[in-house]
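Me: I am new to this structure. Please walk me through some of the terms used for it.

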Amino acid sequence: LTAIEHNRSGNSLPNEARVMIRNYLSVTLRGIQLGGTDGFNVARMVAKHGNLRAAYELSEVYVKRYDYKQAMQYLQPCVDAGVADAQYLLGFLYHRGLNTSKDMLDISKINIQEALRLYQLAAAQGSVAAQKALATMYDTGDGVNKDATQASRWHQMATQYAARADRNKLYTTGQSYFYGVGNTTRNICQAVLFFRNAAEQG
């Protein structure tokens with residue numbers, strides 16, 4: 001905390017302190033979902049100074065707490081920076097009329113055009129959730145004209161990106177076994193199995 005407060009004062013930090021802050025933040029981000037006060041406060045402090053990862057994690061916490069107004073405050077900088085997950089989540093809040101006060105759905109606050117714009121931005125970056133949302137909107141005519149061609153296009157894209165994400169996850173897991181990353185015990189046989197499964201998916 002001392003290093004973080006030092007950083008807030010505008011003074012330069014040695015590399016060791018920067019690494020310490022980064023590692024501490026990584027731990028606190030895993031802990032804020034559990035509601036830990038210290039980790040939550042640190043995450044808010046770091047988000048205030050431009051850390052988009054902390055800001056997005058906090059926005060998810062506030063959404064789960066039904067505090068949509070706070071969530072939007074942390075989402076907006078991420079959206080402005082082009083973070084696809086944030087674009088989708090903010091689009092979802094506009095789509096459902098949740099871009100208002102705490103724990104309150106307001107039909108008058110539904111903004112389909114803004115939701116559509118944000119979904120499209122996120123989908124273009126590979127957000128499967130946004131691609132599925134667009135497919136559903138065009139398929140059902142939810143706020144847009146029904147368009148079977150557009151619905152099919154976004155559905156196919158979502159399927160392709162989901163498969164790619166699964167393949168990448170398999171490959172990453174294989175690397176963890178191959179190199180013994182983190183708490184994973186090195187196991188060449190398991191690594192080969194994951195690499196093979198990833199290859200079979202294209």
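Reply: Start with a cluster: ring pairs link Tyr88, Phe92 and Tyr119. Rings of Phe, Tyr and Trp (its six-membered ring) pair if their centres lie within 6.5 Å. This is a predicted model; local features need pLDDT of at least 70, side-chain atom pairs count only at pLDDT 80 or more, and totals for chains, interfaces and linings use all residues. Residues are numbered from 1 along each chain as its sequence is written, and side-chain values use heavy atoms, without hydrogens and water.

Me: How many aromatic pairs does the structure hold?

Reply: Three.

Me: What makes the pair of Tyr62 and Tyr74 stacked?

Reply: Planes under 30 degrees apart count as stacked, over 60 as edge-to-face and the rest as tilted. The planes of Tyr62 and Tyr74 stand at 10 degrees, with ring centres 5.8 Å apart, so the pair is stacked. Tyr62 lies in helix 4 (residues 52-64) and Tyr74 in helix 5, so the pair ties together parts twelve residues apart in sequence. Helices here are DSSP runs (H or I, at least four residues), numbered from the N terminus.

Me: Why is Tyr62 called buried?

Reply: Buried means under 20% relative accessible area, exposed over 50%, partly exposed in between (1.4 Å probe, protein chains only). Tyr62 has 7%, so Tyr62 is buried. Tyr74, at 16%, counts as buried too.

Me: What are the angle and the label for Tyr88 and Phe92?

Reply: Their planes stand at 35 degrees and their centres lie 6.4 Å apart, so this pair is tilted. Both residues lie in helix 6, four residues apart, about one turn of the helix. Tyr88, at 23% relative accessibility, counts as partly exposed. Phe92 is partly exposed at 28%.

Me: Why is helix 5 called oblique to helix 6?

Reply: Angles under 35 degrees count as roughly parallel, over 145 as roughly antiparallel, 65 to 115 as roughly perpendicular and the rest as oblique. Axes are lines fitted to C-alpha atoms, for helices over the stretch in contact, and angles run from 0 to 180 degrees between N-to-C directions. The axes of helix 5 (residues 68-80) and helix 6 (residues 84-96) cross at roughly 140 degrees and come within 9 Å. That makes helix 5 oblique to helix 6.

Me: How do helix 4 and helix 6 lie to each other?

Reply: They pack at about 25 degrees, with axes 11 Å apart. Helix 4 and helix 6 are therefore roughly parallel.

How values were computed: Helix = DSSP H or I, 4+ residues; strand = E, 2+ residues; numbered from the N terminus.
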